[in-house]
Amino acid sequence: MELRDGHAKDTRVLYELFQRNEFLEEGIVEGNFMHYMDTLFYKNPLNIHYQVVGENPEGLIAHHGLVPFGFKVRGKNLVAGLGSNLVIDRPHRSLMSFLQLQRKFFGEYGKHSIDFAYGLVTRKEVLNLHLRTGFKKVGDVFVYARPYLVNKIIDRLVSSPLLRAVLKGAGKGVEGIALFPWGTKSAVPVRKVESFDNSWDFSLSSLSDAFRITAARSAQTLNWRFGELKYRDYEIYVAGGEAECAGYIVLRPMPMQGFSALAIVDILVPLERPDIAKALLGKVHERARELGVDLTAVMLAPHSPVLPLLKSCGFLKTPESFTLVVHESEKKEHRLAENFSEWHVTWLDHDFV
């Protein structure tokens, strides 16, 4: 396998590689994929492009890229690369090909002004390979969900007809409880917006200062992340007065592990103002009822200061989790793998959600 930098002209062939290896978002077509790759790798706010592809005489057989994000690390502004779309064609998968790909991938991202690489991994076998080839484990982040259509969830998760009948009988009252807007009473106004206004940059920066290690939020970054990929149907809700952004939440209706879900893709609220968080979570509840989803879901670290607010509104820890991994230079000057409690990640830090 010969390795080289990826280019825009590769994207159509990469679609074929991803398609035959079942590595596409559900329902995505070629035009969506072309726009997705163009947005993440070629038209990002930092104007940084880093992809590695592998090829042989048959064509492209491997890909790994980094999506650049501005990052705040203990008061410093750095550039992080979110690991994205690691694919090796099935007939050519081997430990040697994986090692070869990762060696180039880790060896050259620094030349593209990227300070460190990070990612969220779900599959154990992929995690083990990552940990053997350069990534370090930071910690586990979990999916928390609030159920709505309890009986549909029981049908999906319980295989025994008898047990299913018993649980559904007991679940009638539970479903009524689930539909109640627990913990979301607030007088703070919330409005839907089509995009983030540049005048909110100071507020967005101040809100993200509550976290020691986090992706930097700005209107430009958030509009790129949530405004460009129209087929994903992101919904943006902002709390505060008409020209104010006192906090925000980004939602996406989408299938998730066989359920219809409303994902809380990103949430940023002032920790000293629980009334703002409650107002935004009230909007989540309202949209979940309107859409008739099975559940709402959010991904957060177990130490997240936002988590108690979500739990008070009925969110429960699920068996689903991601492992946060990081790679930095041999100097390890930022000690990113050693301080999980300082990290704040959401599905903002993900390329599929």
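Which residues touch the most other members of the largest nonpolar core? In this predicted model, local features need pLDDT of at least 70 and side-chain atom pairs count only at pLDDT 80 or more, while totals for chains, interfaces and linings use all residues. Numbering runs from 1 along each chain as its sequence is written, and side-chain values use heavy atoms, with hydrogens and water left out.

The answer is F71, F116, Y118, I264, W343 and W347, out of 96 residues in that core. A nonpolar core here is a set of buried Ala, Val, Leu, Ile, Met, Phe, Trp, Tyr and Cys residues joined through side-chain atoms within 4.5 Å, with buried meaning under 20% relative accessible area (1.4 Å probe, protein chains only). Strand β11 (residues 259–268) gives the most to this core, at eight residues; strands are DSSP runs of E, at least two residues, numbered from the N terminus. A second, separate core has 19 residues, among them I48, I114, A117 and F135.

On the aromatic side, the structure holds 20 pairs, counted when ring centres of Phe, Tyr or Trp (its six-membered ring) lie within 6.5 Å. One of them joins F116 and W343 edge-to-face (planes over 60 degrees apart), with 6.4 Å centre to centre and 85 degrees between the planes. That pair links distant parts of the chain, F116 sitting in strand β5 (residues 116–121) and W343 in strand β14 (residues 343–344), 227 residues apart. Both F116 and W343 are buried. Elsewhere, Y15, F18, F23, F33, Y36 and F352 make up one aromatic cluster.

Key: Buried < 20%, exposed > 50% of the residue type's maximum accessible area, 1.4 Å probe, protein only. Helix = DSSP H or I, 4+ residues; strand = E, 2+ residues; numbered from the N terminus. Phe/Tyr/Trp six-rings, centres within 6.5 Å; stacked < 30°, edge-to-face > 60°.
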